[in-house]
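User: I would like to go through this model and ask, for each label, what value stands behind it. Please set each value against its cut-off before concluding.

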Amino acid sequence: MEVTAEQVHLLRKSFAIVERHPEVAALVFYRELFSIEPRLRGLFRNDIAAQATKLMEMLAGAIRLLDEPGRLVPVLEDLGRRHAGYGVEAAHYAVVRQALVAMLRKVLDRELTPEVLAAWAALYDVVEASMLRGAATAGADPGSGPAPTRRARG
Ligand code: HEM
């Protein structure tokens with residue numbers, strides 16, 4: 001895992017600030033996301049407010065588990081596999097990264113030092129790489145038995 005102990009510390013400190021304004025953070029994040037790439041709006045079928053809460057919880061979980069990659073990575077791979085099912089493509093991760101940085105700028109303001117920004121970039125690198133690895137195996141899991149479409153000829 002390429003996130004240093006110092007970066008884990010910075011992430012925990014800065015996320016504590018983000019968590020104090022969860023609604024603002026989520027609102028800014030999605031407004032930014034859909035202004036960069038309006039076509040992404042169509043992928044979201046459920047309530048955006050509820051979705052925002054899930055995204056924040058997942059980031060909180062990732063930050064909590066950063067020093068336990070053995071537990072974190074499989075969770076992210078599963079998340080990435082599900083995202084492939086939502087129609088999310090590899091290129092979309094860069095858009096979400098941009099929206100996340102815009103949200104951090106707004107919520108952290110002066111507290112978003114270059115060091116804090118680098119820590120978030122390192123976190124996102126890990127999340128993105130793990131999710132894309134999971135997505136690459138979506139629908140191609142040879143260990144899970146016969147495909148459900150396979151049936152006896154009659
Ligand atoms: C930092 C990376 C990301 C994290 C942590 C994250 C987190 C989540 C979580 C926790 C859910 C709830 C459902 C589930 O657990 O399967 C979800 C759903 C979803 N995410 Fe993400 N996500 C990320 C990146 C993306 C990207 C790049 C896109 C592309 C636009 C995206 C689009 C969606 C969509 C469309 C859903 C389904 C929502 C619905 O059905 O309304 N996510 N995401």
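Analyst: H2 and H3 are roughly perpendicular to each other, a label given to angles of 65 to 115 degrees, whereas angles under 35 count as roughly parallel, over 145 as roughly antiparallel and the rest as oblique. Helix H2 (residues 22-36) and helix H3 (residues 48-65) pack at an angle of about 105°, with their axes 10 Å apart. The axes are lines fitted to C-alpha atoms, for helices over the stretch in contact, and the angles run from 0 to 180 degrees between N-to-C directions. The model is a predicted one, in which local features need pLDDT of at least 70 and side-chain atom pairs count only at pLDDT 80 or more, while totals for chains, interfaces and linings use all residues. Residues are numbered from 1 along each chain as its sequence is written.

User: What makes serine 35 count as exposed?

Analyst: Serine 35, found in helix H2, has 10 C-beta neighbours inside 10 Å and therefore counts as exposed. The cut-offs are 20 or more other C-beta atoms within 10 Å for buried and 12 or fewer for exposed, with partly exposed in between, the C-beta atoms being placed from the backbone. The C-alpha atom of serine 35 is separated by 9.2 Å from that of alanine 99, 64 residues apart along the chain.

User: Why is valine 73 called partly exposed?

Analyst: Valine 73, in helix H4, has 18 other C-beta atoms within 10 Å, so it is partly exposed.

User: How many helices and strands does the chain have, and what defines them?

Analyst: The secondary structure comes to 6 helices and 0 strands. Helices (H or I, at least four residues) and strands (E, at least two) are DSSP runs, numbered from the N terminus. Of the 154 residues in the chain, 21% are buried.

User: How do you know that the span of H5 agrees with what it should be?

Analyst: The expected span of a helix is 1.5 Å times one less than its number of residues. For the 17 residues of helix H5 (residues 92-108) that should be 24 Å, and the end C-alpha atoms are 24 Å apart, which agrees. Helix H3, with 18 residues, reaches 25 Å from its first C-alpha to its last, close to the 26 Å expected.

User: What puts the buried residues of H5 on the same side?

Analyst: Val96, Ala99, Leu100, Met103, Leu104 and Val107 are buried in H5. They cover an arc of only 145° around the axis, which puts them on the same side of H5, the arc being that of the directions from the helix axis to the C-beta atoms. The buried residues of H5 pack against helix H1 (5-19), H2 and helix H6 (114-136).

User: Which residues of H3 are buried, and what covers them?

Analyst: In H3 the buried residues are Leu59, Ala62 and Ile63. They cover an arc of only 100° around the axis, which puts them on the same side of H3. What covers them includes H1, H4 and H6, while the face turned away from the buried side carries the exposed residues Ala50, Lys54 and Glu57.

User: Where is aspartate 109, and is it buried or exposed?

Analyst: Aspartate 109 is in the loop between H5 and H6, and with 9 C-beta neighbours inside 10 Å it counts as exposed. Its phi is near 50°, a positive value in a residue other than glycine.

Methods:
Two residues are in contact if their C-beta atoms, placed from the backbone, lie within 7 Å.
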